[in-house]
Each structure stands twice: as structure tokens, then as C-alpha cells.
Amino acid sequence: MIAEPGQHPVNGLDDVVHQRVRLGILTIAHQARRVEFGFLRTALGLTAGNLSQHLAVLEKAGLILVEKGYEGRRARTWLSLTPAGDRALRDEVTQLKRLIQQIEHGSSTREP
């Protein structure tokens, strides 16, 4: 089966979401509902500065909510998915499933 122009599943991937670290952030936030900055930094193997940059991109896109506060005397940063972030993650997973299905079923976008 040949996909119509512009219909290839890869065209539906969101560049903001699909980047490896940001996809990891969204996935962990989805699973945890609310996740602490330090946990994310460790889980994804990032520096604090690098993680902060990715969080800024996601926050600007409206995909996460960042909350700052204290736990005892220690400053903490937590994040959670917004409804738009949840939709974006689900849409990305749907597109990835379409891409995988196309590969597994031998569909081709090559012209004969």
C-alpha cells in the first residue's frame, strides 16, 4: 500500500514532543501524574541545566505545568502534564503506532 502524499505517519509526529528527552519527560509525567525535578534529572541522565531547557520548551508549548515550592526547607520543582500535554503525548503515541504498523506490515511509501 502506498501512502498518499503528506499522509505518512512520520508527518504527524510533533517536533516538540518527539525529541527524545521531551518524550521521556512527558511519559514519566503521565505515569507519575506529578514528578519532581530531581527524579526526572536522574531518570533521564541529564544535567540540571539541560533538563531546565527542555522543561522551558514544554512549558512554553503549554504541555506541562511547573510548580515551585518547598518540601521542608528545601526548594523543590514539580511538574505535571496539562490536558494539552496529555493529548499531545497520546497523539504522538498514536502516530508512532501507525509508523510501527506500517513497517511491520510491509507497507511502502516507495513508488513502484
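Glu71 is partly exposed, with a relative accessible area of 46%; here buried means under 20%, exposed over 50% and partly exposed in between, using a 1.4 Å probe and protein chains only. Keep in mind that this is a predicted model, where local features need pLDDT of at least 70, side-chain atom pairs count only at pLDDT 80 or more, and totals for chains, interfaces and linings use all residues. Residues are numbered from 1 along each chain as its sequence is written, and side-chain values use heavy atoms, with hydrogens and water left out.

**Salt bridges**

- Searching the whole structure turns up four salt bridges, each being a side-chain nitrogen of Lys or Arg within 4 Å of a carboxyl oxygen of Asp or Glu.
- Glu36, Glu71 and Arg76 are tied together in a salt-bridge network.
- Arg76 is buried at 19% relative accessible area, while Glu36 counts as partly exposed at 22%.
- Arg90 and Asp86 also form a salt bridge, at 3.0 Å from N to O.
- Those two are four residues apart in helix 5 (residues 83-104), so about one helical turn separates them.
- Arg90 is partly exposed at 48% relative accessible area, and Asp86 is partly exposed at 21%.

**Strand pairing**

- Strand 2 (residues 64-71) pairs with strand 3 (residues 74-81) in the antiparallel sense over eight bridges; pairing requires at least two DSSP bridges between the strands.
- Strands are DSSP runs of E with at least two residues, helices are runs of H or I with at least four, and both are numbered from the N terminus.
- Val66 has Leu79 in strand 3 as its bridge partner.
- The hairpin of strands 2 and 3 has two residues between the strands, and Gly72 takes a positive phi near 70 degrees there.

**Helix packing**

- The axes of helix 3 (residues 37-44) and helix 4 (residues 48-60) come within 10 Å and cross at roughly 110 degrees; axes are lines fitted to C-alpha atoms over the stretch in contact, with angles from 0 to 180 degrees between N-to-C directions.
- That makes helix 3 roughly perpendicular to helix 4, a label that covers 65 to 115 degrees.
- Phe37, Leu40 and Arg41 of helix 3 meet Ala48, Leu51, Ser52 and Leu55 of helix 4, where contact means heavy atoms within 4.5 Å.

Notes. Angles under 35 degrees count as roughly parallel, over 145 as roughly antiparallel, 65 to 115 as roughly perpendicular and the rest as oblique.
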